[in-house]
Amino acid sequence: MRTLRLLFWLRWRIGLNTTTTRGRVAAIGITVLFALAMAPIYVGSAIGSFALGAKMGAPGLPIVFGLCQLGVMWVSLLIGAMGRTFELDKLKRYPLRPRDVFAVNTLASLGEPVALMTVPSLVAVALGIARHSGALAGWAAGAGGLLLLLVTASLLQLLLALIDDLLRREWMRYVAAFLFTMTMIGFQLAVSRSSSRMAERVRQAGFTLDQLLEDTRQAFERLPTVGAPASVAGAHPAGWLASPLAGLAVSLLLILVPLALGARVMAKAALRGATGGRVRTRASGTARGSLGPKLPGLSRPQSVMVTRELLYVVRTPALLYQLAVVPITAVALIFLSPARKAAFGFMPMFVMIGSLAGRNLMLWGYDGPGIRTLFLLPVSARELVLTKSVGWFVSALIEAVAVLGTLAVMRAAQVLPHLAVVATGWIALSLASSVLGTWFSARFPTKPPERGLGRRSPGGVAGFGALLAILAIAGALILAVVAARALAPDSWKETASLVVTTLAACAAVAVWWIGIDRNADVVEQNRERMIDVLAKSSDV
Amino acid sequence: MAETPLAIQTHNLSRSFGGVPALDELTLEVAEGSFFGYLGPNGAGKSTTINILTGLLAPDGGSARVLGLDVETQSLEIKRRIGVVPDGLHLFERLSGEEHLRFVGEVHGLSPAEARRRTGQLLEAMDLTADARKLVSNYSHGMRKKLALSCALIHEPRLLFLDEPFEGVDAMATRELRELLQKLVATRRMTVFLTSHVLEVVERLCTHIGIIAKGRLAAYGTLDELRRGPGGAPRSLEELFLDTIGATREDASAGLDWLTRGTEPGST
């Protein structure tokens, strides 16, 4: 408790000392805005959960618990929504037990938005059960919900500790980026397969809601991470978890084992130090050549700057993960999506647009202390912005080639006729994203977490706004294409779409070119703040 | 003050942070080819001066010229002609030492072959060859200092800014760096602007000294001039420094009885 109190005090003081009143008011504003924007998801879920609890009573709990856990796990793995509030590296000089720090991180993670968004559903199902079976059953369901959140948070914290530990080994950074991407895809694959199987059975047996709920309940109650807390809450799942005592024992095990293991892993990782090691000779360029190839249209110093950007992408675990996760996920979705029915691979495109919208917002953040050296180099702010943008564009291009290439090969008949429209649309979006991301990351410099995979978006008022801005641009472009197709005669639909996206791409090129000068001014104006924010190491 | 040609010239240079002045109308001249020691207590404004002169900070008032160029309007030209070892180093952690040096060389306009040649020679001179392909994030503090100094030298700068270059560097490396710097000033007429809290090193290296306190220049001159105390009596640089900044604190440990009192045998 002492560690808990001290660490939360530390976080509170640091928060107060490093923000202005205006910033805090803005943060509250964006929290309310975010809560309102997400309301359809959690209010809708809460209404459904209440109805389920009132109809089925405690036996319906595994469904709500399972969906909540699935939601938290999926969102956390996909976008890194759950992080570690305190890093042992920063605290290891103090006489704190790793176990305590891990426990505090687990408790703190319950305050993450993704975890909080499940609370209305858990409360609602408890209220529904109270109506169905009485107040005592409702309280038991509430306690089970809390247990479920603790189990979920413990498991995720253990996963984060393992990821962090793996990423500190030079050779493992590459393996880890691949493995965890695969974990996430496997997770989606499992969900997709079981839901397909369920849908198939439902189709054969004739669809009834009760049948669907029953299948879902059975699927979730077999999972100990869901079944055990549900058992404590009075759901009496089938099998060995039927007894609430067994459920409680398993729940406690699922909290305490990750605590012991995670603390151990975290303590070992903190002693391991930062990622490092030797760099393969090939990465250093050829024997007599430059550090990197001379790029067309750029001077040699500018090309070398772009090379540095790309070396950073490959050698920074979080950037590498971000670069790998989107194409692999999108490609996996192409293979997994129920065939080849989804005309045009909507999901892969959505994942790619989401990546363009979020990945650009910490462009300067990953330079860390090196930002000061960047400003000491004899290159103008314009050149800095230009090379940063080109570096980012190259990494986005790798992403796009992987996704669009796979789409073109796997669904040639559906995709090839529209490839030109998609490619020009992508150019427009990525250039707009580059301009906005450069402006945002210079105007609101954000230091990414020093450990782990890191989040893609810096969050906050402006971060959320920037994310929405790119999504709005993407939406506007899609609407414009839809409108053009609606207005054009059948034989001209594709041409009309291409005209719209080409015009958008031309406009984006002009905006990008002008944006380089404008953003160079922003970088000049914010240089001191960027150094101040990015060159300092974080407190905890 | 120093005679022309001047490597550094500031006039009423001011800069404050949150209303607190870090530099208060600083006027300073450093002659080309001199080894200038810039001293002052913590928070006196030494790093702020370097940050303004190297184009990282904008002054609130006054003017500054480096190698005859204005720091506000010609900072790019200045950066091409200077080398900087900043306090805190701030290197690119995810480049190897070799890549870092080649990168800096090529960005300064050296041909790839020349950048590679100089990189090899500098790594050899700094005893970093064996660690050349390690990431900078794996370097020790002393290795980072040596790498930062190599980066500052690879393009043959005319003026070198060194902010605490010997802090955390072992005795042998300190001696090697000291000899290298002396050779650079003697043979290439390079100007060195050095800040350090190690007065012994400053005393051995510097030909000219400036002492800054509370953002103002409190003492300035050649080492020999300044070491002549009131009445011409010789004094050490430490005495000069303490006299200049008015360090007259009594017993700093007063009030720390709980820490400084003797421990009774057997007591806990």
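Which domains does the domain assignment of chain A give? In this predicted model, local features need pLDDT of at least 70 and side-chain atom pairs count only at pLDDT 80 or more, whereas totals for chains, interfaces and linings use all residues. Residues are numbered from 1 along each chain as its sequence is written, and chains are lettered from A and ligands numbered from 1 in the order in which they are written.

**View 1. Domains of chain A and the contact between domain 1 and domain 2 of chain A.** The assignment divides chain A into domain 1 (1-37), domain 2 (44-272) and domain 3 (298-534), with bounds that come from an automatic or database domain assignment. Four residues of domain 1 of chain A and six residues of domain 2 of chain A make up the contact between these two domains, two residues being in contact if their C-beta atoms, placed from the backbone, lie within 7 Å. On the side of domain 1 of chain A that touches domain 2 of chain A, two residues are nonpolar, one is polar and one is charged; here Ala, Val, Leu, Ile, Met, Phe, Trp, Tyr, Cys and Pro count as nonpolar, Asp, Glu, Lys and Arg as charged, and the others, Gly among them, as polar.

**View 2. The fold of chain A.** Chain A has 22 helices and zero strands, where helices (H or I, at least four residues) and strands (E, at least two) are DSSP runs numbered from the N terminus. Of its 540 residues, 45% count as buried, that is, with 20 or more other C-beta atoms within 10 Å of their own, while a residue with 12 or fewer is exposed and one in between is partly exposed, the C-beta atoms being placed from the backbone. Among contacts in chain A between residues at least 6 apart in sequence, 78% join residues at least 24 apart.

**View 3. The interface of chain A and chain B.** In this interface, 34 residues of chain A are in contact with 30 residues of chain B. On the chain B side, the elements giving two or more residues are α2 (75-81), α3 (97-107) and α4 (112-125) of chain B, and α3(B) supplies the largest share, six residues. By class, this side of chain B has 13 nonpolar, seven polar and 10 charged residues.

**View 4. A:His236, a residue other than glycine with positive phi.** The phi of A:His236 is near 45°, and this residue is found in the loop between α12 (224-232) and α13 (244-272) of chain A. A:His236 is partly exposed, because 16 other C-beta atoms lie within 10 Å.
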